[in-house]
Amino acid sequence: PRAGGGGERSPGCGCWAGPGTMRRAAAGGLGAALHAVRRDVGRRNNLLRKINGLAGIGTSSATNLRDSYQAALCTDLTKPLEIQQLPTVALKSTEVRVDLHCCSVNFADILICRGLYQQRPRLPFTPGMEFTGSVTEVGTNVTKVCKGDRVIGVCPMGAMAEQCIIDHTMLWPIDETIPYEVATVLPVSYGTSILALQHRAKTQPGETVLVTAAAGAAGLAAVDVASHVLNAKVIAAAGTDEKCELAVQKGAVAAINYTTQSVKEEVKKFTGNKGVDVVFDAVGGDIFKEAFNSLAWEGRIVVVGFAGGNIPSIPANQLLIKNVSAMGVYWGRYQDLNYPIFSKSIMSAIQYYKEGRIRPHVGAVFKLQQVNEAFLHVLQRKSIGKVIISMK
């Protein structure tokens, strides 16, 4: 199966939720859907533990392991993950076969596996948007990488597997100085942060940046990039004291626990009533509203996601009164609409790491057979930083 495909050519994975979840999603919107998914996760957690956190192991007719590989497979949006042995397929002329070492678990992977994301692939499919590994085979027209190269890869889906076939333009070589686990953190989280803060918000040295969900994968990356690359002053906002402390360790000058404190009031204290120049928001809902109301004159708020489940509205008159800007960043769309900018965001992340300017954070590592537990870890909001699945 090739990265990004559907149907018989694309294996995948699902997260544990009952058959009523999608009906509730249609009736109640994204917030209700995420609540229903988390509730179903809780109900079925005991069953998950009975199978020792392992996904169901499937079999195929392939018996020679050189001609097959294991992949997480989603066969039904309401059923748990499966691990199946799948046959390998031949390369096209511009494709590369990669022996995967690690892939990441992004919130978007969970949404895709529940039918709640912009992409709705045909079943069965393999989720997983970013990976690291080594090249084992190249097509006849491949010039970007060679057999044996260590690479970072980005694909719409297909990375939760022992191997992946992908077009060579979606691979970026890395050297031995970057561990596979660390490199897996770079594309989505750091690519999004770099595009949001540099390309879109045009953050300047000395400006104040508010980062919500600051202990999540994208949030910690935004704290890191704003503090250590852009030389901005970062105020981190997160849901627990532990997460706030981590954000400060990663470079924030102050932190707000938005479960016990008002973001707007605390920003006033930290900025002397001036407000913040830039907001990086991955939460949405009421947190977005407080962050938006905390903008300084000519401030910019960048929307990168809605982890809280509720999509807010922006009163247009408030944009006018304070001369503020609201903008979005859908990092993955740059792949199709502005590939040079997309590629530059990844190459910049690699370069920043090699220069010692950023410090990616791996929060938890699971094996491929534990993809159910990995999804659960994210859904139950236990994750801090990036959650990684290791194939080795």
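**Stop one: the cysteines**

Begin with something you won't find: the structure holds zero disulfides, where a disulfide means a pair of cysteine sulfur atoms within 2.5 Å. Before you click further, note that this is a predicted model, in which local features need pLDDT of at least 70, side-chain atom pairs count only at pLDDT 80 or more, and totals for chains, interfaces and linings use all residues. Residues are numbered from 1 along each chain as its sequence is written, and side-chain values use heavy atoms, with hydrogens and water left out.

Now select Cys113, which counts as buried because its relative accessibility is 0%. Cys244 counts as buried too, at 7%. (Buried means under 20% relative accessible area, exposed over 50%, and partly exposed in between, with a 1.4 Å probe and protein chains only.)

**Stop two: strand S10**

Next, select residues 233-238, which make up strand S10. Helices (H or I, at least four residues) and strands (E, at least two) are DSSP runs, numbered from the N terminus. Five of the six residues of S10 are buried, so the strand is largely enclosed by the rest of the structure.

Two strands pair if DSSP finds at least two bridges between them. Look for Val209, which stands opposite Val234 in S10. Then bring in S11, residues 254-257, which also pairs with S10 in the parallel sense over four bridges. Here Ile235 has Ala254 of S11 as its bridge partner.

Show the helices as well. S9, helix H4 (residues 217-228) and S10 make a right-handed β-α-β unit, and so do S10, helix H5 (residues 241-249) and S11. Right-handed means that, with the strands pointing away from you, the path from the first strand over the helix to the second runs clockwise.

**Stop three: the aromatic rings**

Which residues form one aromatic cluster? Select Trp172, Trp331, Tyr339 and Phe342. Rings of Phe, Tyr and Trp (its six-membered ring) pair if their centres lie within 6.5 Å; planes under 30 degrees apart count as stacked, over 60 as edge-to-face and the rest as tilted. By this rule the count comes to four aromatic pairs. Tyr339 and Phe342 form a tilted one, 6.4 Å centre to centre with 40° between the planes. Both lie in helix H10 (residues 339-354), three residues apart, about one turn of the helix. Tyr339 counts as partly exposed at 27% relative accessibility, while Phe342 counts as buried at 0%.
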